[in-house]
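Welcome to this short tour. Please open your viewer and get ready to select residues as we go.

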Amino acid sequence: MRKTFKRSAWSLLCMLVFSGATLATTEDDSAALLTRLSEFHQHQQELNSLAEQQAESAEISELAE
């Protein structure tokens, strides 16, 4: 009986420790994902501005004609 209790307590402790690590990793992954999405959005805005500038250039106008 005592061995079964120790084994159950050890199993429960391991599950709690590893589930906490998983939750922390998930939160870290979410924060990293939000950071990457923000960087991606900023990069898209920069590309959009660059495309607008290039579209107004005389060289592009000549190529379009």
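How many salt bridges does the count come to? Here a salt bridge is a side-chain nitrogen of Lys or Arg within 4 Å of a carboxyl oxygen of Asp or Glu, and by this rule the count comes to one.

Before we visit it, a word on what you see. This is a predicted model, where local features need pLDDT of at least 70 and side-chain atom pairs count only at pLDDT 80 or more, while totals for chains, interfaces and linings use all residues. Residues are numbered from 1 along each chain as its sequence is written, and side-chain values use heavy atoms, with hydrogens and water left out.

**Stop 1: the whole chain.** Colour by secondary structure: the chain has two helices and zero strands (DSSP runs, numbered from the N terminus: helices are H or I with at least four residues, strands E with at least two). Of its 65 residues, 0% count as buried (buried is under 20% relative accessible area, exposed over 50%, partly exposed in between, with a 1.4 Å probe and protein chains only).

**Stop 2: the salt bridge.** Select Arg36 and Glu39, whose closest N and O atoms are 3.7 Å apart. Both lie in helix 1, three residues apart, about one turn of the helix. Side chains of opposite charge can pair when their charged atoms come close. Arg36 is exposed at 57% relative accessible area, and Glu39 is partly exposed at 41%.

**Stop 3: a leucine.** Now select Leu34, found in helix 1, which spans residues 2-55. Is Leu34 buried or exposed? Leu34 counts as exposed, because its relative accessibility is 59%.
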